[in-house]
Amino acid sequence: MARTNGAATTRRKPPLPANLAALPPPFRPVQLATLVDHVPSGNRWLHELKFDGYRCLLSIGGGIAHSFTRSGLDWTDRFASVVADAVALNARSALIDGEAVVLDADGKTNFQLLQAAIKGDPSAIQFYAFDLLELDGADLTAQPLVERKAKLAALLDGHAGVIHYSDHIVGQGEALFDKFCGAGLEGVISKRVDARYVGSRNGTWLKTKCIRRQEFVVVGWTPSDKTRGFRSLLLGVNEDGKLRYAGKVGTGFDTGEMFRLVELMKPLVRKAATVDAPRAAVRGAHWIEPKLVAEIAFMEVTGDGVLRHSSYIGLREDKKPEAVIVEREAKTEEVKLDAPSSVAITNRDRIIDPDSGITKGQLADYYETVAPVMLPWAGGRPISLVRCPQGRAKKCFFQKHDAGTFGTHVHHVGIKEKDGHEEPYLFLDDADGLLSCVQMGTIEFHGWGSRIEDVEKADRLVFDLDPDEGLGFEAVRTAAFHFRDLLKQVGLVTFPMVTGGKGIHVVAPLTPKAEWPEVKDFAHRLAIAVAQNDPNNFTAALPKAQRKGRIFVDYLRNQRGATAVMPYGARARPGTPVAAPITWKEVETIDKPSHWHVGDGAELVRRAQSKALSGWGRADQTLPTV
C-alpha cells in the first residue's frame, strides 16, 4: 500500500458534491497530557487554554456526525447541537479533537454549567476544536501539530456556529499561565509544535494547572443535622488495586445539586464500609457502592493522602470509578519526549530466545521503538503478562494481578471477581510501563476487550482462527476472508491481525455499548453457525481431539476477563515473532502469521504511520442484533 499522503490545502474549498460523501472516520484513542509542575519554556512549544469541560472527538462524514468521549463512549445524543453543527462543516469527512464546554457570564468555561446544559439545554454547549486527525480521507496524525492546526483553522474559517477554533501562542507560556491563573481560569496545555498525534501519553503534551483538581470516587456521605442533605461526601481513590480513603468534601454544592446527589446515592447504600478510614473522620457515615465519580478542587494533600481545603466541582459521567487514580505532578524538565523510556534494563545480554539469540536488551529496545504505535491499542485496558524471567526456554507464567512489584509506571485497577471481591489488575499508559514489565521478564502482553473506563462494555469483537497441526497457512487465509465476509453481511467492518503464532485474528472494533453477556452470545452463535455450515473446515468444539484437520473458531476471547494478544506484542515462541495488524490486501500475499519479529520494530512503526493502521473500524459500529 502506498504511503498516506497527508498534504491538504488550507484555503477555503467550494462546497462538496453530495455524491462524494464519505463514512465518518473511526474513533481513535486520544492524545493524553502529562501533568507537570510548570509551563515549559522556548519556541518549540505552543500553548492553549485548558478548558473546563468534556474531552470530545467529533467524527463527520456522509452527512452524519458522531461525538465520542475520550474512552470511545458514544455521546452523540448528549452533544446534539454540536453534532448538528458539525454536519455543516465544509468537509467530506473529518475527525476533530476538542472540548465540549459551556461559558458563564464572564466568558469562562464552567463544568457545572456544562452538566446542567447536558440535562436541560444542550443548545448552550459549545465546542472548541484544537486538533485535526483526519480530513477528507487523509490521515493527518503523522504531520507536525502546527500543520494540523493550520488545516483545522482553514476548515473552521468563516464557520458561524457552536464549533470554534482553539487558538494558541508559540512560546511565552509562563506569561500566559500567569495571565490565565490571574483571571481564574483552569490552566495551560502546552504542546510540541512538531509533535505528531499519538493516541497515548508520550510527553509531547503537558498540562499545568492553576488550581489543583482531579477526579475521586464517592464512597459515602456524612449526615447533616441541619438539612435533609449531607454534611460532606466521603472520597476514595484507586491505589494498588483497591480503594483507599482520600478525605471528604463539604463545599461547592448548591441545594439543588445536593438533593440530586442524595437521590443518586440512595440506591447505592450498603452496610459495610467502602474504604478503611480513621473512625473519627467518618463517624456516622453512610456508605455506598463506589459507582459515582466527582471532580474535586483542593489546596493540598496531606502526607497520608487526604485532601485539605477541598471543593466539589461536579460529577464526571465520562469516567468510571475503576479508572480513577492519583495524578501526580512531574517535573517539567524530567518529562521525556515522544515515548523514550527512562526505565533501566538490567541483564541486557540475557538470551530470552535460544533459537534466534534475541536478548532481553533487544526485546526492551523493540518495545521502546514500537511504543508509539502499540500504546493506542494496549494502553488504558486491563492487561495480562506472559513472564519468562529466564527466557522462553525455561519456566514462563501468566500474570494478571500485582501487589506493587512492578514499580510506579505500571498501574492497578480494582475489578470485581465472580465472588464479589476486588483484585488489582494491571494496566499501563506509557513506554515506561511497557519497559517496566520487560525488566520483570515479560515477553507477551495480552489485553481485555474493554478499557478501564468501563470494563463491562466491549470495544472489540475478536475471532481467533486457530488451525490444527498440519494445516497450512492457506487454510487460515481462506478462513479469514470467510469471516470478513460473514461479519460484513451483518454490518461489521473488520481488520485482520497476524498473531505471531499459527493463526489470524479477525477483529471488529465496537463502540462500547454492548455488555459482555451479549457480546459472548453473539460470538458463540456465529462460531457455532460457521462450524455447522462447514464442519469439514471449521469447529467451535473446545476439546482438541475434535479439532483434527480443521480450524478452531475461538470465540472465547469475547467474554469478561478473557484476553487477546496485543497488536505489536512479541510472542514467547521460536524466533520471537510479533503480532501485527495488517490490511485485507496484505492477507492475500503474506507468507505466515509470524512474518515479523522483534528485529522489525522500525519497519512496523513506519508501516503503522504510513498505512494508517488505526484499526478501529467505523465510528458508529455496534454489535448487530441477529
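## Glutamate 329 and the loop between β19 and β20

Glutamate 329 lies in the loop between strand β19 (residues 311–315) and strand β20, where helices (H or I, at least four residues) and strands (E, at least two) are DSSP runs numbered from the N terminus. With 47% relative accessibility, glutamate 329 counts as partly exposed; buried stands for under 20% relative accessible area, exposed for over 50%, and partly exposed for what falls in between (1.4 Å probe, protein chains only). The model is predicted, so to speak of local features requires a pLDDT of at least 70 and to count side-chain atom pairs a pLDDT of 80 or more, whereas totals for chains, interfaces and linings use all residues. Residues are numbered from 1 along each chain as its sequence is written, and side-chain values use heavy atoms, with hydrogens and water left out.

Asparagine 347 also belongs to the loop between β19 and β20, and its relative accessible area of 45% makes this residue partly exposed. Although asparagine 347 is not a glycine, its phi is positive, at about 50°.

## A positive phi at aspartate 136

Aspartate 136 is not a glycine either, yet its phi is positive at about 50°. The residue sits in the loop between β6 (126–135) and β7 (138–139). As background, most residues other than glycine have a negative phi.

## Salt bridges

The structure holds 46 salt bridges, each being a side-chain nitrogen of Lys or Arg within 4 Å of a carboxyl oxygen of Asp or Glu. Aspartate 353 and arginine 392 form one of them through their side chains, with an N to O distance of 2.6 Å. This pair ties together distant parts of the chain, since aspartate 353 belongs to strand β20 (residues 351–353) and arginine 392 to the loop between β22 (383–387) and β23 (397–399), 39 residues apart. Aspartate 353 is buried at a relative accessible area of 0%, and arginine 392, with 19% relative accessibility, counts as buried as well.

A second salt bridge joins the side chains of arginine 381 and aspartate 459, at 2.9 Å from N to O. Here too distant parts of the chain are linked: arginine 381 is found in the loop between α6 (360–378) and β22, and aspartate 459 in the loop between β26 (442–448) and β27 (460–467), 78 residues apart. Both arginine 381 and aspartate 459 are buried.

In another pair, arginine 244 bridges to glutamate 239, their closest N and O atoms lying 3.1 Å apart, and glutamate 239 is partly exposed, its relative accessible area being 28%. Salt bridges also connect Lys50, Asp52, Glu186, Arg213, Glu295, Arg316 and Asp318 into a network.

## Disulfides and other cysteines

Two disulfides are found when the whole structure is searched, a disulfide being a pair of cysteine sulfur atoms within 2.5 Å. Cysteine 181 is joined to cysteine 210, with an S to S distance of 2.0 Å, and the torsion about this S-S bond is about -85°, so the disulfide is left-handed. The bond connects distant parts of the chain, as cysteine 181 lies in helix α4 (residues 173–182) and cysteine 210 in the loop between β11 (201–209) and β12 (212–223), 29 residues apart. Cysteine 181 is partly exposed, with a relative accessible area of 27%, and cysteine 210 is partly exposed with 24%.

The other disulfide runs from cysteine 388 to cysteine 396, at 2.1 Å from S to S, and it is right-handed because the torsion about its S-S bond is about 115°. Cysteine 388 counts as buried at 2% relative accessibility, whereas cysteine 396 is partly exposed at 31%. With bonded cysteines counted along the chain, the disulfide pattern is 1-2, 3-4.

Cysteine 437 has its closest cysteine sulfur in cysteine 388, at 13 Å, which is too far for a bond. Cysteine 437 is buried, with a relative accessible area of 0%, and cysteine 56 also counts as buried, at 1% relative accessibility.

## Arginine 387 in strand β22

Arginine 387 has its place in strand β22 and is buried, with a relative accessible area of 12%. From C-alpha to C-alpha, arginine 387 is 38 Å in space from histidine 38, the two being 349 residues apart in sequence.
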